[in-house]
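User: I would like to go through the charged side chains of this protein and hear the reasoning behind each label.

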Amino acid sequence: MFPDENLSARQLIDAFRVRKFSPVEVIQAAARRIDQINPSINALTTLCLDRALVEARASERRYLENKALPLDGVPFVAKDLLDTADIRTTYGAVHFADHIPTKDAVAVERLRTTGAILLGKAATHEFGWGITTTGRLHGPTRNPWNLDRVPGGSSGGSAAALAAGLVPIAIGSDTAGSIRIPSAFCGTAGLKPTRARIPVEGATALAPSLDHIGPMARVPSDLPLVLAAMDGRLAGQASSDFSQHNPTDLRGLRIGVVRYMDTVELASDHAAVFDRVLSRLRSLGAEIIEIAWPLPQLSDPYAILAPMILAEAHHYHQLILRTFPERKSEYSNAVLDRLKLAGAITSSAYFEAVERRADFRSGMERILSQVDAIVSPVSAGSPASIGTDYVDHRGSKVEFRKLVMSYTAPQSLSGLPSCAVRAGFDIDGLPIGIQFTGRAWDDDRILWLSDVFETSDPEISQRWPKA
């Protein structure tokens, strides 16, 4: 049987076990699909398909010998911010166009140790500093649902590859929404885990105190298994039967909707989808509880987040990478402008933001002491056209970053787990995502909630862009 690009990682593993098809056939099919589709979406930047085929043959032998590893034979891609041994890793930047690491990032190593097979590197916004996934080195990545639109970022290559059916799982990173934004815009699933759950070693930083590494998948049901591999729980195990919450309804679950936080008003079609989200959650048995944001003096999370990212990124580029200002001519204009702006952030402004961040987290924890999870939009509007910094929104010109990041900043500041999944479609047929946020270390319950929600409406969850 020819492997279907719509198969999840779990479905592939089940098929391998009963010899329906082999890891070799899957890698060969993936290579053909990449050759067919990637030129139009520019999701993958560097491929390692010859090595992948060698690893697939080894995986096939393990299945024949009943020695398969938990993710044996499942193909994946890694965001190009994460180091990969002997595979070009550019961080999306001209400065590192020929950089070849000697060691895998921890998250990559852990997936490979469980038998998953790396096919290549997924495009990232330059140094991970942007939400459109573009840069001077590789150019723009395109959204598979509409090639004129951005996929979101900075993990846009990973999300685009998932939406296009090139792989079932991927690795991303999230500092201010970089997993959740492209997952929402491309109609896939992605988890920003509890901070420090997955080691960041081997990934180039954007803002070290805010950076997260996390799993991404074509469907949310694969995320628990990938998370267990990346956080180390599957190390040394020979089974992929990772336990999950079993109920398929949400009876007894209390889900909060936070009001009076300073976010951009939703576009009308996004507002309609979010209203339907609340109705679906109620129909699944959840109780929806509206909660007022308890700290009105800290109602603008983006205003707290922005100076922290600017200051930490400036320090990293100047003193760790040593690319600024020495090699400033190699930056794109947008990233260079941010670095120049960052130089004006004083130490007192930075430490004030750090203190406000701690207070903001306490506000989030106060809300989550009253409910089991929070549901919220990922963006106030749809993905922008490629090359657009400002968008028309409810009759005004709005900065695209503000349109999105006012919704993703709360989880980034608080370090709490947040999973983005598909919720519906906009008036142009592009996916609209939502995010579920939970208490620290409650990642598994958030993934279960996300899966139950998305699969409750097959008409929405099973639609994919045409190849």
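This is a predicted model: local features need pLDDT of at least 70, side-chain atom pairs count only at pLDDT 80 or more; totals for chains, interfaces and linings use all residues.

User: How many salt bridges does a search of the whole structure find?

Analyst: The search finds 25 salt bridges.

User: What makes D444 and R233 a salt bridge?

Analyst: Their closest N and O atoms are 3.0 Å apart. The cut-off is 4 Å between a side-chain nitrogen of Lys or Arg and a carboxyl oxygen of Asp or Glu, so the pair qualifies.

User: Which parts does that pair tie together?

Analyst: D444 lies in helix α13 (residues 443-455), while R233 is in the loop between α7 (223-230) and β7 (254-259), so the bridge ties together parts that are 211 residues apart in sequence. The two residues also belong to a network of salt bridges that links R197, D231, R233, D443 and D444.

User: Why are D444 and R233 called partly exposed?

Analyst: D444 has 24% relative accessibility, and R233 has 28%. Buried means under 20% and exposed means over 50%, so both values fall in between.

User: How do you know that R259 and E290 form a salt bridge, and where do they lie?

Analyst: The closest N and O atoms of R259 and E290 are 3.1 Å apart, which is within the 4 Å cut-off. R259 lies in strand β7 and E290 in strand β8 (residues 287-292), so this pair ties together parts that are 31 residues apart in sequence.

User: Why is E330 called buried, and what is its salt-bridge partner?

Analyst: E330 has a relative accessible area of 19%; buried means under 20%, so E330 is buried. Its side chain meets that of R327 in a salt bridge (2.8 Å, N to O). R327, at 30% relative accessibility, counts as partly exposed.

User: Why does R401 have no salt bridge?

Analyst: The nearest side chain of opposite charge, E399, is 4.5 Å away.

User: Where is R401 found, and which residues is R401 in contact with?

Analyst: R401 is found in helix α12 (residues 400-414). Leaving aside neighbours within four places in sequence, R401 is in contact with G130, I131, Y302 and R338.

Definitions and conventions: Residues are numbered from 1 along each chain as its sequence is written. Side-chain values use heavy atoms; hydrogens and water are left out. Helices (H or I, at least four residues) and strands (E, at least two) are DSSP runs, numbered from the N terminus. Buried means under 20% relative accessible area, exposed over 50%, partly exposed in between (1.4 Å probe, protein chains only). Lys and Arg count as positive and Asp and Glu as negative; His and the chain ends are not counted. Contact means heavy atoms within 4.5 Å.
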